[in-house]
Amino acid sequence: MPSSLLLDLLVVALVVLVKSSPLEDKKVNLLVILPKDDKYMFSIHRVQPAINYALRSVESNASLLPGFTFNATYRDSDCGNQALFSLVDTALKEQKPDVVLGPVCEYAAAPVARLASHWKLPMISAGALATGFMQKVDEYSHLTRVAPAYTKMGEMFLAMFRYHKWSRAALLYSDDNVERNCYFTVEGVHTAFKEEGYHMVVHNFDEAKHVDVEDIIHSIQNKERVVIMCASSDTVRNIMLAAHRQGLTKGDYVFINIELFNSSSYGDGSWRRGDKHDVEAKQAYSSLQTVTLLRTVKPEFEKFSIEVKSSVQKLGLAEDDYVNMFVEGFHDAIILYALALHELVKSGFSKKDGDKLVQQMWNRTYEGIAGQVSIDPNGDRYGDFSVIGMTDLEAGTQEVIGDFFGIQGNFELRPNLKTLWGTGRIRLVENKVFETITPCKSCGLGESAVTGIVVGALLGTGLLMAFYFFRKKYRITIERRNHHDDCNIGKHRQLREDSIRSNFSAA
Ligand SMILES: *[C@@H]1O[C@H](CO)[C@@H](O)[C@H](O)[C@H]1NC(C)=O
Ligand SMILES: *[C@@H]1O[C@H](CO)[C@@H](O)[C@H](O)[C@H]1NC(C)=O
Ligand SMILES: *[C@@H]1O[C@H](CO)[C@@H](O)[C@H](O)[C@H]1NC(C)=O
Ligand SMILES: *[C@@H]1O[C@H](CO)[C@@H](O)[C@H](O)[C@H]1NC(C)=O
């Protein structure tokens, strides 16, 4: 029927018109997929003020993206499959977004990153830190990570081990088999060490059940001298207390705790609980070093953090730390996207050219809210890390004793600080002990080694806060780098097994 044909044509023409309208081209739809649940450090409520702040600064820059407007839509990731459903529902009911921000949780991020890559949509996250996401060639081709991933932390450990001339370690981590934060964290170390041929012994435990710390220490004693741990701060303390009781805290062993995000669980006085073990814990912590993310600040950061804090406080979220690595990261994600889009538009492309946009975001350095952000050629942020150790054994003061700068790849100890081991390289009699040791049969990642797993991620849970004021309070030194210088178990788990590739197998 001609009339319906006419109608069709009209519709098509209209659609074409709308699609190519410059107004539409200058309207950027952002889909932010993060958990609604405020128990996560990167909940929508916590991140939204940072995104608003970033969008305002982009829109107020007359030379950056003149005439562009941004429409941010927030959807729940629920830290799981809901993330994918949110993306699909939004695309079906409304339209495909121009860019996806988040998710952070590994198991939520994996399917979203695959679909985004299939649709050629840029996806930028301050999470998705697992090793598997490095695979950009096909699977995660459109994913850009604006927070340092666990493999970057692995590089830091390698540099640290080379510095001290260590070549073997025990890896201890808690594994809930659901979110698997520590699993993915330790996987980053394991990947780096495996490549280097270092000897590793791996033990895991479930903190929800009884953790036999005496047994753990016993299995290390006289076998491994360097112990790398990822667990809750209470478990770390219990392990340190057990090590102290067994005489492992006299300087012959080094314990290293990984706590990248939750600044309330490390730093000065983290051994203190106000219980009868405080004195012993203080002594034990002289053998403990903590690896965390190096944070930077600059004048503008203060304004940003005050604004984020006041927005979050209005929602009744009272806490010490308002601006954490995720909040900061999503701000910087917007800036990165805007810079890339600016360059794209300048060279005659549009926001729809997803491949080009992604390439524009990789292999570059730009100014983030707290300092420089450098993205490597694979689209992952370079990581700078700090090592915190006890510098006053009497008072039990903990301060930054070492730094790692990801771009340069060099690990340095601060010269003026005294630790249990004195200054400089920590010498351990690593080799003596080990020749007689038979390789551990069951030390792999056990079942998890069998199938590639992944994405555990709740980076969330584990990941928490590192706030500037907090850090100040605890006198954890913040580097002020001048940027002018160069410087679910059972069934659920089975379902998840293959959802992200992992090579974490120590067997
Ligand atoms: C605005 O954007 C331009 C182009 O990217 C950049 O060079 C300039 O520093 C920005 N101005 C401000 C005030 O951020
Ligand atoms: C923003 O995007 C959402 C989802 O795509 C849409 O429903 C809403 O109408 C948009 N708002 C504006 C002001 O364009
Ligand atoms: C951060 O660490 C503190 C102290 O150990 C703990 O009470 C808090 O629950 C942690 N936060 C998260 C989100 O894990
Ligand atoms: C990254 O950028 C540098 C210069 O900015 C360039 O020399 C190098 O070839 C780029 N690397 C890749 C893999 O694109």
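Predicted model: local features only at pLDDT ≥ 70, side-chain atom pairs only at ≥ 80, totals over all residues.
Is S77 buried or exposed?

Residues are numbered from 1 along each chain as its sequence is written, chains are lettered from A and ligands numbered from 1 in the order in which they are written, and side-chain values use heavy atoms, with hydrogens and water left out.

Back to S77, then. At 1% relative accessibility, S77 counts as buried. By buried I mean under 20% relative accessible area, while exposed is over 50% and partly exposed is in between, with a 1.4 Å probe and protein chains only. S77 sits in the loop between β2 and α4. The helices (H or I, at least four residues) and strands (E, at least two) are DSSP runs, numbered from the N terminus. Leaving out residues up to four places away in sequence, S77 touches I33, L34, P35, Q82, A83 and P103. Contact here means heavy atoms within 4.5 Å.

How many does a search of the whole structure find? There are two, where a disulfide is a pair of cysteine sulfur atoms within 2.5 Å. One of them joins C79 to C105, with S to S at 1.7 Å. The angle about its S-S bond is -90°, and the link is left-handed. Why does this pair tie together parts that are 26 residues apart in sequence? Because C79 lies in the loop between β2 (69–76) and α4 (82–93), and C105 in the loop between β3 (99–101) and α5 (106–118). C79 is buried at 9% relative accessible area, and C105 is buried at 1%.

Now the other disulfide, which joins C182 to C230 with S to S at 2.1 Å. Its link is left-handed too, with -75° about the S-S bond. C182 belongs to helix α7 (residues 181–196) and C230 to strand β8 (residues 226–230), so this pair ties together parts that are 48 residues apart in sequence. Both cysteines are buried: C182 has a relative accessible area of 11%, and C230 comes in at 6%.

While we are in β8, have a look at V226, which lies in that strand. V226 counts as buried, at 0% relative accessibility. Its C-alpha is 7.1 Å from that of R168, although V226 and R168 are 58 residues apart in sequence. Setting aside residues up to four places away in sequence, the contacts of V226 include F161, W166, R168, V254 and L428.

Next stop, helix α8. Which residues of α8 (residues 213–220) are buried? They are V213, I216, I217 and I220. These residues cover an arc of only 95° around the axis, which puts them on the same side of α8; the arc is that of the directions from the helix axis to the C-beta atoms. Among the elements covering them are β6 (168–174), β7 (199–205), β8, α9 (233–245) and β9 (254–258). At the start of α8, a side-chain oxygen of D212 reaches to within 3.3 Å of the backbone nitrogen of E214. For a polar contact, we want a pair of N or O atoms within 3.5 Å; within protein, one must be able to donate a hydrogen and the other to accept it, and residues adjacent in sequence count only if both atoms are side-chain atoms. Just after α8, N222 takes a positive phi of about 65°.

Let's go back to α4 and α5. Their axes come within 7 Å and cross at roughly 30°. Axes are lines fitted to C-alpha atoms, for helices over the stretch in contact, and angles run from 0 to 180 degrees between N-to-C directions. The two helices are therefore roughly parallel to each other; angles under 35 degrees count as roughly parallel, over 145 as roughly antiparallel, 65 to 115 as roughly perpendicular and the rest as oblique. On the α4 side, A83, L84, L87 and V88 meet A108, P111, V112 and L115 in α5.

Last one: R364, in strand β11 (residues 364–367). Is R364 buried or exposed? At 17% relative accessibility, R364 counts as buried. A polar atom of its side chain lies 3.0 Å from the backbone oxygen of Q360. Again leaving out residues up to four places away in sequence, R364 touches L336, L339, A340, E343, V373, S374 and I375.
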